[in-house]
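Let's take a friendly tour of the pockets and the nonpolar cores in this structure. Have the viewer ready.

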Amino acid sequence: MSETIVGIGTRKGLWLAHSEDRREWRLEGPHFLMSEVLSLLFDTRQEPTRLLVGFRSSHWGPSLQHSDDLGQTWVEHPDGSIQFPADTDTALKATWQLVADPHDPAVVWAGTEPQGLWRSADRGETFELNRGLWDHPHRPQWGEGFGGGAIHTVLPSPADPDSMLVAMSTGGVYNTTDGGASWSPGNTGIHAYFMPHDEWPEFGQCVHKVARDSATPTRLYAQNHKGVYRSDDNGVTWTSIEEGLPTNFGMTAVANPARGDSVWLVPIASDGERIPPGAQLQVARSDDAGATWRELTTGLPHSWTNVLRDAAGTDTSDQPGLYVGTRNGEVYASTDEGETFERIATQLPDVLVVRAVTLP
């Protein structure tokens, strides 16, 4: 019998929700109590499944630990998994993203604050800084978003091991086609209304999240600070797809892993009113690559809360489940592509990240 596990990273620790049928759930935790859990990865490419967690303690600072028994025990590298080289004159503030490489089962990628991209060749135990991006001449002009300056999106191409997209707040989208040796900004077509002199700059956009289409690897979807976009050329240029949405503001974007041209967003009223439109928590879904959108609300509450950039994700079932965590500590699950939702956790701290896996 298969088991689905939903990792729920919150402002005050990690909880794991377990289910054999995705209807009845049991909650286990907390792990890392009183620490901000910012990133999660269930790595199933080798046995046993490895759970990687990036978190930050207000007392001890940032840490990255892994478990090979789904949270029964945890291992931390004695010298720290991510250490900035001495010549960078900086230190790790947080690990915001953990991603499995689609080509090498030992490689894990991490995105951090400050804006660094890291590669691990030992399943996430130690990491090396990508100097091509760190030494980019644009770096002195990258700013910080409301949550700090971080690489929060890391998307290796499943079709080309030398191709990758990263996105950061703030700075925008950057691409490599030579394995990370060099990087080019990919923000053409993205409006940066807040820039004082040029609202269509080469870089400096405040991108919130980018998702890659599951059927067409060169197609991507971006939720920006006031703007929703699609790229059909692997993140080089972008076209607006916000028509039909209740708002162009939001934090997250999730591609349907089982069906191409299908993507979910969680709309937020505006940057000045960070509540759902009409105070109704909702998911917006497109099944035609952003040409049209549907509002999905069944099972979701009238609410004044919202959903942060990584607090939504899918499991790995044949019919994927969609999971959404809110800032008031609730998690909702859908097994019918968002048509209906059920609450699977409540009264948790502020949810920061949600990741899920289905194990045989």
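## Pockets

On a 1 Å grid over the protein atoms alone, a pocket is an open set of points where a 1.4 Å probe fits, with protein on both sides within 12 Å along at least five of seven lines; lining residues have an atom within 4 Å of a point. This is a predicted model, in which local features need pLDDT of at least 70 and side-chain atom pairs count only at pLDDT 80 or more, while totals for linings use all residues. Residues are numbered from 1 along each chain, and side-chain values use heavy atoms, without hydrogens and water.

The second largest pocket has 22 lining residues, with Phe 146, Gly 147, Met 251, Leu 308 and Arg 309 nearest its centre. Its volume is about 540 Å³, taken as the space filled by probe spheres set on points joined across faces, edges and corners.

For the largest pocket, the volume is about 1200 Å³. Among its 43 lining residues, Val 99, Leu 155, Pro 257, Thr 314 and Arg 355 lie nearest the centre.

## Nonpolar cores

A nonpolar core joins buried Ala, Val, Leu, Ile, Met, Phe, Trp, Tyr and Cys residues through side-chain atoms within 4.5 Å, where buried means under 20% relative accessible area with a 1.4 Å probe, protein chains only. The largest one holds 28 residues, and Val 6, Ile 8, Val 283, Tyr 323 and Ile 344 touch the most other members. A second, separate core has 14 residues, including Leu 117 and Met 164.

Beyond four places in sequence, the contacts of Ile 8 (heavy atoms within 4.5 Å) include Trp 15, Leu 40, Val 331 and Val 353.

Key:
Buried means under 20% relative accessible area, exposed over 50%, partly exposed in between (1.4 Å probe, protein chains only).
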